[in-house]
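Please have the sequence and the three-dimensional view at hand while reading.

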Amino acid sequence: MEKNSLEKKFSKFIIVVSILIPVVVALLFSVKLKDLGFNVEPLPFLPPIYATINGITAIVLIAGVLAIKNGNRILHKRLMTMAIALSVAFLVMYVAYHMTTDSTKFGGEGTIKLVYFFILISHIILSIAVIPLVLITYVRALAERFDRHKKIARITFPIWLYVAVTGVVVYLMISPYYV
């Protein structure tokens with residue numbers, strides 16, 4: 001298969017997934033399984049787990065960049081694939097938590113509340129933006145279009161790292177308010 005055709009083959013998939021994930025998450029965020037008649041227990045233990053996954057994702061991303069800078073393409077590929085898998089695991093747990101458990105309100109006041117909401121809102125916006133970036137970056141590597149891969153990876157990496165790190169920060173800031 002020609003390298004360009006692999007990118008073309010995945011382009012519609014990337015568009016669909018990049019739209020579908022945020023829309024589905026937004027919809028599922030407002031759906032509580034108990035309101036639909038399902039007798040499910042809340043999952044209050046998930047936030048520290050998925051925050052830890054975000055932290056591990058950040059470490060894996062940094063290790064992946066270091067691996068490629070040191071010329072270890074195989075390790076880089078494995079680490080980036082692991083980062084994607086960790087992000088998917090995070091997403092599944094995040095949705096499961098919000099479908100079974102009432103949202104927690106941030107209890108801070110004043111400047112810290114503004115800082116929290118700035119971090120939270122930037123985290124949410126960039127977590128949506130990073131979806132197509134990650135997918136395009138990954139497909140370009142699969143297609144062995146390394147010139148194009150490297151170009152977009154320079155944009156994808158800092159955004160993905162920011163999303164992973166701010167996910168941990170948001171958790172740490174709101175964790176005192178979990179019931």
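## Helix α3

The buried residues of α3 are His76, Leu79, Met80, Ala83, Leu86, Phe90, Met93, Val95, Tyr97, His98, Met99 and Thr100, where buried means under 20% relative accessible area, exposed means over 50%, and partly exposed covers the range in between (1.4 Å probe, protein chains only). Helices here are DSSP runs of H or I with at least four residues, strands are runs of E with at least two, and both are numbered from the N terminus. With 28 residues, α3 reaches 41 Å from its first C-alpha to its last, which is close to the 40 Å expected at 1.5 Å a residue; the expected span is 1.5 Å times one less than the number of residues.

One of the residues of helix α3 is His98, which counts as buried because its relative accessibility is 8%. Leaving aside neighbours within four places in sequence, His98 is in contact with Phe29, Val31, Lys32, Tyr50 and Ser103, a contact being heavy atoms within 4.5 Å.

## Basis of the model

This is a predicted model, in which local features need pLDDT of at least 70 and side-chain atom pairs count only at pLDDT 80 or more, while totals for chains, interfaces and linings use all residues. Residues are numbered from 1 along each chain as its sequence is written, and side-chain values use heavy atoms, with hydrogens and water left out.

## The chain as a whole

The protein chain has five helices and zero strands, so that from the N terminus on its elements run α-α-α-α-α. Taken along the principal axes, the C-alpha atoms fill a box of roughly 50 × 35 × 25 Å. Of the contacts in the chain with a separation of 6 or more, 80% are accounted for by residues 24 or more positions apart.

Buried residues make up 35% of the 179 residues in the protein chain. The chain exposes about 10900 Å², with carbon and sulfur atoms supplying 72% of that area; accessible areas come from the Shrake-Rupley method with a 1.4 Å probe, and for residues only the protein chains shown count as cover.

## Nonpolar cores

In soluble globular proteins, nonpolar side chains tend to be buried together. The largest nonpolar core in this model has 19 residues, of which Tyr50 and Trp160 touch the most other members; such a core is a set of buried Ala, Val, Leu, Ile, Met, Phe, Trp, Tyr and Cys residues joined through side-chain atoms within 4.5 Å. Helices α2 (46-69), α3 (73-100), α4 (111-142) and α5 (146-174) each supply at least two residues of this core, and α3 gives the most, with seven residues.

Not counting residues up to four places away in sequence, Trp160 touches Thr57, Leu61, Met80, Ala83, Ile84, Ser87, Val130 and Val134. A second, separate core of seven residues includes Tyr116, Leu120, Val170 and Met173.

## Salt bridges around Glu7

A search of the whole structure finds four salt bridges, each being a side-chain nitrogen of Lys or Arg within 4 Å of a carboxyl oxygen of Asp or Glu. Arg140 forms one with Glu7, their closest N and O atoms being 3.3 Å apart, and this pair links Arg140 in helix α4 to Glu7 in helix α1, 133 residues apart. Both Arg140 and Glu7 are buried.

The side chains of Glu7 and Arg145 also meet in a salt bridge (3.5 Å, N to O); because Glu7 lies in helix α1 and Arg145 in the loop between α4 and α5, the pair ties together parts that are 138 residues apart in sequence. Glu7 forms a further salt bridge with Arg148, with closest N and O atoms 3.5 Å apart, and here the link runs from helix α1 to helix α5, across 141 residues. Arg148 counts as partly exposed, because its relative accessibility is 30%.

Ile131, in helix α4, counts as buried because its relative accessibility is 15%. Leaving aside neighbours within four places in sequence, Ile131 is in contact with Val17, Ser18, Ile21 and Pro22. Ile131 and Pro22 are 109 residues apart in sequence and 9.1 Å apart in space, C-alpha to C-alpha.

On the surface, Ile15, Ile19, Val23 and Leu27 form a nonpolar patch with about 390 Å² of accessible area together. Patches are made of residues with over 30% relative accessible area and no salt bridge, with like charges joined within 9 Å and nonpolar side chains (Val, Leu, Ile, Met, Phe, Trp, Tyr) within 5 Å. Val23, which has its place in helix α1 (residues 3-30), is partly exposed, with a relative accessible area of 43%.
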